[in-house]
Amino acid sequence: MTRPVRNPVHLSLPRVGRRALLGAGAGAALLPFLPVLNSRAQQAGPPKRFLFVYQDNGTIHDEWKPTGTETEFTFKRILKPLEAHKPDLLLMSGLNLDPEPGPPHSGHPQLLTNVSPNLDRFRLSPGISLDQHMAALRKDPTRFPTLELGVVPFGGDDFYTHEILYRAPYEAVPVEPSPYAAFDRIFGAVVAPDDPAAQLVAAKRKSIFNGVKSDLTRLRGELGTEDQALLDRHTDAINELDRRFNQGGPTASCTGPTLGTQLDFRSVANYREIADAQMDVMVAAFACDATRIGSLVWSTPASTQTFPWLGDFGNNHHLLSHDASKVEALIQINTWYSEQHAKLIAKLKAVPEAGGGTLLDNTLVFFGNPLGDGNAHRKVDLPLMLAGGKWAFKTGRYMNFAGKPHGQLLVSIAHAMGVEIPSFGNAASGTGPLTGLGV
């Protein structure tokens with residue numbers, strides 16, 4: 001069988017200096033608070049943004065589904081790390097991929113396209129994914145129409161499982177697995193310290209960080225107490241980016257190989273550190289208006305990721321999902337992912353927007369999983385969640401849709417993002433929005 005050749009990721013970015021960055025509108029983009037400095041002078045409100053967060057291998061419903069009523073519900077173990085963000089969440093169960101694809105690991109191409117994969121063409125989708133469709137219709141004035149980042153272990157022979165996003169039928173959008181490459185393309189080069197030319201680039205980058213921090217210090221004096229607290233919280237994140245990219249990066253808990261001052265993003269041992277870096281880069285890209293539509297892909301359906309920091313489970317995530325004796329391990333793994341989702345939400349909340357509110361207030365995050373039951377490969381009763389998007393959705397709720405097609409949720413998301421489409425993907429399962437979600 002001839003396998004398709006992967007297309008390389010191209011996120012081209014013109015190189016500009018700090019003075020140009022600070023003097024431009026949409027180009028004032030190196031770190032999260034630069035847009036805050038510039039947006040004070042803008043008349044329009046903050047832009048609306050969409051972030052798709054992909055996770056796979058299903059869940060353990062007994063510990064994922066809350067108990068209680070729609071508005072008065074209690075988290076069980078898996079979602080407990082999200083307790084602090086409960087008012088910002090809209091939890092959904094009972095939504096199905098329709099029609100349900102039969103073969104194992106064939107749901108991921110359908111999750112954001114609502115079109116069944118073509119089993120004769122490497123299980124690729126003959127549709128376009130919602131993120132790419134919205135970008136094409138919205139035509140946002142950003143340097144990147146969309147931004148795709150991934151936290152993906154490199155193991156096994158599961159080439160087809162990376163095809164989650166589609167810019168056109170059968171044309172998959174690859175994710176950028178290296179936060180260093182993403183940082184280079186969005187914010188400036190990450191280079192080896194023993195190269196004289198690299199030293200010059202690093203010095204310029206350090207100067208930009210220092211300049212931004214100086215601007216933030218001046219801005220602090222113009223803010224009220226609440227905004228100052230938000231500014232202080234996010235300054236910590238800026239300092240972490242500075243440390244990671246200018247001072248050698250994190251090393252305390254890393255045992256995998258490194259490339260100069262960089263961690264090896266291909267090593268499963270660095271999964272947590274690479275994840276933190278990718279989340280920081282994505283949040284910064286939103287905050288600087290480099291893009292308004294992004295995707296963060298956590299692993300793949302046949303993931304070889306292991307979780308030694310949680311325990312010796314004896315196998316990787318995918319194989320654990322097929323072992324009936326490993327339910328406790330799966331609960332711990334899914335709880336850990338909820339901790340990362342909570343961390344991402346907190347990072348979005350830490351960025352203040354002009355006129356009040358935070359980055360999360362103007363971002364809709366869709367946490368999607370194409371499997372309900374990982375062991376049986378069932379693509380029904382999916383564990384889905386929205387965060388933010390309060391301009392369109394009433395949050396602080398848990399809703400069970402009892403078998404409705406998930407394609408209607410995609411239509412609801414499009415409407416929330418100002419894309420008024422009557423249907424998406426397969427018209428039989430993706431016509432009209434879900435009822436009861438709106439404010």
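Predicted model: local features only at pLDDT ≥ 70, side-chain atom pairs only at ≥ 80, totals over all residues.

Me: Why is glutamate 176 called buried, and why is arginine 185 called partly exposed?

Reply: Buried means under 20% relative accessible area, exposed means over 50%, and partly exposed lies in between. Glutamate 176 has a relative accessible area of 6%, so it counts as buried, whereas arginine 185, at 27%, falls in between and therefore counts as partly exposed.

Me: How do you know that aspartate 280 and lysine 347 form a salt bridge, and where in the chain do they lie?

Reply: Their closest N and O atoms are 2.6 Å apart, which is within 4 Å, so the pair qualifies. The pair links distant parts of the chain, with aspartate 280 in helix α9 (residues 271–287) and lysine 347 in helix α11 (residues 327–349), 67 residues apart. Aspartate 280 is buried because its relative accessible area is 7%, and lysine 347, at 19%, is also under the 20% limit and therefore counts as buried.

Me: What joins Arg138, Asp140, Asp289 and Arg292 into one network?

Reply: Within this group, arginine 292 forms a salt bridge with aspartate 289, the closest N and O atoms being 2.8 Å apart, and salt bridges that share partners join Arg138, Asp140, Asp289 and Arg292 into one network. Arginine 292 and aspartate 289 are both buried.

Me: Why are β5 and β13 said to stand at the edges of the sheet?

Reply: Seven strands form an open sheet in the order β5-β10-β1-β11-β12-β4-β13, with mixed pairing. β5 (147–151) and β13 (397–405) each have a single partner strand, so one side of each is left without a neighbour in the sheet. From one strand to the next, the twist averages 15 degrees.

Me: What makes β1 and β10 a pair?

Reply: Two strands pair if at least two bridges are found between them, and strand β1 (residues 49–54) and strand β10 (residues 293–298) have five, so they count as paired, in the parallel sense. Leucine 51 stands opposite glycine 294 in β10. Helix α5 (residues 130–138) packs on the sheet, touching β1, β5 and β10, and its direction makes about 165 degrees with that of β10.

Me: How do you know that α9 and α11 are roughly parallel?

Reply: Their axes come within 10 Å and cross at roughly 30 degrees. Angles under 35 degrees count as roughly parallel, and α9 and α11 are therefore described in that way. α9 passes α11 in a right-handed crossing. Among the residues that meet are Met279, Asp280 and Val283 in α9, and Leu344 and Lys347 in α11.

Me: Why is helix α12 described as largely enclosed by the rest of the structure?

Reply: Nine of the 10 residues of helix α12 (residues 407–416) are buried, so the description follows from that count. The buried residues include Leu409, Leu410, Val411 and Ile413. α12 is followed by glycine 418, whose phi is positive, near 80 degrees.

Terms used:
Residues numbered from 1 in each chain as written. Heavy atoms only, no water. Buried < 20%, exposed > 50% of the residue type's maximum accessible area, 1.4 Å probe, protein only. Salt bridge = Lys/Arg side-chain N within 4 Å of Asp/Glu carboxyl O. Helix = DSSP H or I, 4+ residues; strand = E, 2+ residues; numbered from the N terminus. Axes fitted to C-alpha atoms, helices over the stretch in contact; angles between N-to-C directions. Contact = heavy atoms within 4.5 Å. Parallel < 35°, antiparallel > 145°, perpendicular 65-115°, else oblique. Left-handed = near helix turned anticlockwise from the far one by under 90°.
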